[in-house]
Amino acid sequence: MRTKRSRLMLLLTVLAMVLAACGGGDGGGATDSTETTAGDSENTTTTADSGTDTTEAEPTEEPVTIEWWHIQNNDPGLSLWQAVADEFMAEHPNVTIDITVQENEAFKQALQTSLQAGDVPDIFQSWGGGGLREQVDAGLVMDITDAAAGFDSEFNGAAASMMEIDGRMYGVPFDLGIVGVWYNKALFEEAGIDGPPATWDEMLEDVQTLKDAGITPISLAAGDKWPAMFWYGYMALRIAGADVMQQAGIDENFNDPAFVQAGEELQRLIDLEPFQPGYLATPWDGPDGAAAVLANSEAAMMLMGHWAPGTMSANGPDLAADDNLGWFIFPEVEGGAGAATDAFGGGNGFAVGKDAPPEALEFLEYLSSVDVANRVGGEANLLPTTVGSEGSITDPNLVDVISARGEAGYVQLYLDQAYPPEVGAAVNDSIVTLFSGDGVPQDVVDAVNASWE
Amino acid sequence: MTATQITAPPARQRRARKWPIILALLAPALILYVVFVIFPIGQAFRYSLFDWNGLQPLTDFVGTDNFSQAFEDPVFRGALTHNGIIVALTLLLQLPFALFLAVLLDQDLRGRSLMRLLFFAPYVLSEVVTAVVWRQIFRPGGLLDAGVSAATGEQFQGLWIADPDIVLYSVFFVVSWKYFGFHMILMLAGLQQIPDDLEEAAAIDGANWWQTFRHITVPLLGPTVRVSIFLAIIGSLQLFDLVWVMTGGGPVNASNTMATYLIDWAFRRFQFGYASAVSVIIFVLSLIVAIAYQRWALSRDLDGAITVRGA
């Protein structure tokens, strides 16, 4: 008897394992209807809700969970988002906001894995552009154009277009910065340079002047690749102009001669050997990063986004505190079609998952209110995108950045985010090769065109 | 019930009755293996035939285009070459060095167990920790540069991981630093299995140290060395963590290995079809090397083992 029973048990165990294995095995399909991990009871309730609830227009008083993935994994951003979520939950007792915080790179991989399994968070970090377009094409995100039009507050135009694909909106922006040159005023003075260069030729002269004075002119994090892309992207925008830049994204090629010219102009800079030693391996962040190089006054300039002062002071002395840090927009290029006020930049937003409950949109309306946007600017060191919140920025350098953003007729999104990931990576890689001295401008065009085929 | 068991059934019947039990006992392991090893490998083969970004359904069938694209890509060919260089350097430098140390530490030396411990210690570290530490040493203005500057009194800057022409050799150095101790211990164990009387007999016959080493130690150490070589080749072909953390495959792809190239295409470009094709290439390559090596080099050592037919 005993052997028989244990044999039966064994058979059952094996059977259970087979079933479990099958359940996990075909998770690749996008039509997974069962949640495999029910972390808490709320989670399970939501699943049941979205399964049975067919009328999603009206917010219900039934318990609702909003899954929110963001990447503000450090204070002050971390506590700000927590506070915003807590306030909304206090107003709406039936809503639970389930926050998942991840570091940038970890988030990208986790999101991709989750999306492949058809498990889309209700609200998640997005940079717009090509990445968002792929999610739209795969039907993973929700068109919120009509809902956003009904929001109490209004978005900055360039910021809103970041979250738009073919004129439809799939999320809300909360931060938009533009790239510019951060420079060390004391080192400029030491080399005898009066002020920021207004044109590219002046810029090249200043680089030479700095070199002659024994100062490394430029700090560059080519190890992370994208900082090198900033140089090329800005240069292309200055030479090609807004229309050609937009058309390149639509036509999906870099065939316009401006893209070769941009490389040629950059080569004039690269030939001066203006970068710190080992720049090809230098990362952006960290004690050996490009931010630290500028903060330690080991180089005079750096082309970077508005987050630069924060990273610099985290890895070295606070130049801004001594009023030694200045900012200017990328200089005008003589003969270029681009306006001197056009800017190159990017920011952050939240995309809305395809199955998000109506409460998620209500929450995003609250998150986009002038009230919260003022705190995004005032507390979290981001550049808020809700019209009327610009005054929350008080840091003199960031005031320069946000007013330049206001003057920009067109903001070109970072090239590696404007285009699909594969093209973005090809852009970055080929530009780094150019900066290494091994490539020619035509290589960038060829690599990008090939990746777009 | 017990009555039937007293008279033993004929052998054939007994065997037939054994099968359900064998199957049942085998099933858990077999199922796990199929689900977590065979099935994913099959999926990778399937994905490798599609142009697929991981989000949309698998519809864009491209046949073997992904494979030809990989072999035409100079970056992938470069990565393949880098793996080859690491394999070659490992066999030519790292293993002989490990053998040298093993022979040395097999002698009656003072403090030899401490030295064994020291040499083996790097192997215990995780590859990521190793990479982070060595990155701090090799980076421009890092510990090595600072040390040389302090010693010479001149400002020194070596582009150990920043110069595309040097970086691969820096990576090889760190790989060797981490793994020579492991091979040393393997060979030391092999050396201790060689009976002392053989060496004594050789000494009585008038053999000098080199003759003893050449004709007794090396042949008898053969099986160990062959296993060491096998592990070193497979490890070099699949080299990933250390490179990824220390250099990210850069600068300008100069330290890419096949595995870092694969991860770059899968998780930076999200081209899962193409990345699967690359993974298939790595798999097939490793498999060919493994089978060929087992067939030609390890066949003697495996004689009598159950993996060899006709045992």
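Biologist: I have two neighbouring helices on screen, H12(B) and H13(B). At what angle do their axes cross?

Modeller: Helix H12 (residues 258–267) of chain B and helix H13 (residues 272–296) of chain B have axes that cross at roughly 165° and come within 8 Å. Bear in mind that this is a predicted model.

Biologist: Which residues of H12(B) and H13(B) meet?

Modeller: From H12(B) come Met258(B), Ala259(B), Tyr261(B), Leu262(B), Trp265(B) and Ala266(B). Facing them in H13(B) are Phe272(B), Tyr274(B), Ala275(B), Val278(B), Ser279(B) and Ile282(B). By class, this contact holds 11 nonpolar residues, one polar and no charged.

Biologist: Let me step back along the chain. What stands out in the loop between H11 and H12 of chain B?

Modeller: Look at the backbone angle phi there. Val252(B) has a positive phi of about 50°, although Val252(B) is not a glycine. Val252(B) sits in the loop between helix H11 (241–246) and H12 of chain B. Asn253(B), in that loop too, is another residue other than glycine with a positive phi, near 65°.

Biologist: Are Val252(B) and Asn253(B) buried or exposed?

Modeller: Count the C-beta neighbours: 20 or more within 10 Å make a residue buried. Val252(B) has 24 other C-beta atoms within 10 Å, so Val252(B) is buried. Asn253(B) counts as buried because it has 22 C-beta neighbours inside 10 Å.

Biologist: Now for chain A. How is chain A divided into domains?

Modeller: A domain may be built from separate stretches of sequence, so read the bounds with care. Domain 1 of chain A takes in 62–177 + 346–407, while domain 2 takes in 180–345 + 414–452. Taken over C-alpha atoms, the centres of the two domains are 28 Å apart.

Biologist: How many residues of domain 1 of chain A are in contact with domain 2 of chain A?

Modeller: There are 20 residues of domain 1 in contact with 20 residues of domain 2. On the domain 1 side, helix H5 (129–137), strand S6 (171–178), strand S10 (343–352) and helix H16 (396–407) of chain A each supply at least two residues. H16(A) gives the largest share, seven residues. That side divides into six nonpolar, nine polar and five charged residues.

Biologist: And what is the make-up of chain A as a whole?

Modeller: Chain A has 19 helices and 11 strands. Of its 453 residues, 48% are buried. Among contacts in chain A with a separation of 6 or more, 73% join residues 24 or more positions apart.

Biologist: Finally, how many residues of chain A are in contact with chain B?

Modeller: A general remark before the count: the size of an interface is often given as the accessible area lost when the parts come together. Here we count residues instead, and 29 residues of chain A are in contact with 28 residues of chain B. Helix H1 (2–25), helix H4 (104–116), H5 and helix H18 (421–436) of chain A give two or more residues each to the chain A side. H1(A) supplies the largest share, seven residues. By class, the chain A side has 15 nonpolar, nine polar and five charged residues.

Definitions and conventions: Residues are numbered from 1 along each chain as its sequence is written. Chains are lettered from A and ligands numbered from 1 in the order in which they are written. This is a predicted model: local features need pLDDT of at least 70, side-chain atom pairs count only at pLDDT 80 or more; totals for chains, interfaces and linings use all residues. Two residues are in contact if their C-beta atoms, placed from the backbone, lie within 7 Å. Helices (H or I, at least four residues) and strands (E, at least two) are DSSP runs, numbered from the N terminus. Ala, Val, Leu, Ile, Met, Phe, Trp, Tyr, Cys and Pro count as nonpolar, Asp, Glu, Lys and Arg as charged, and the others, Gly among them, as polar. A residue is buried if 20 or more other C-beta atoms lie within 10 Å of its own, exposed if 12 or fewer, and partly exposed in between; C-beta atoms are placed from the backbone. Axes are lines fitted to C-alpha atoms, for helices over the stretch in contact, and angles run from 0 to 180 degrees between N-to-C directions.
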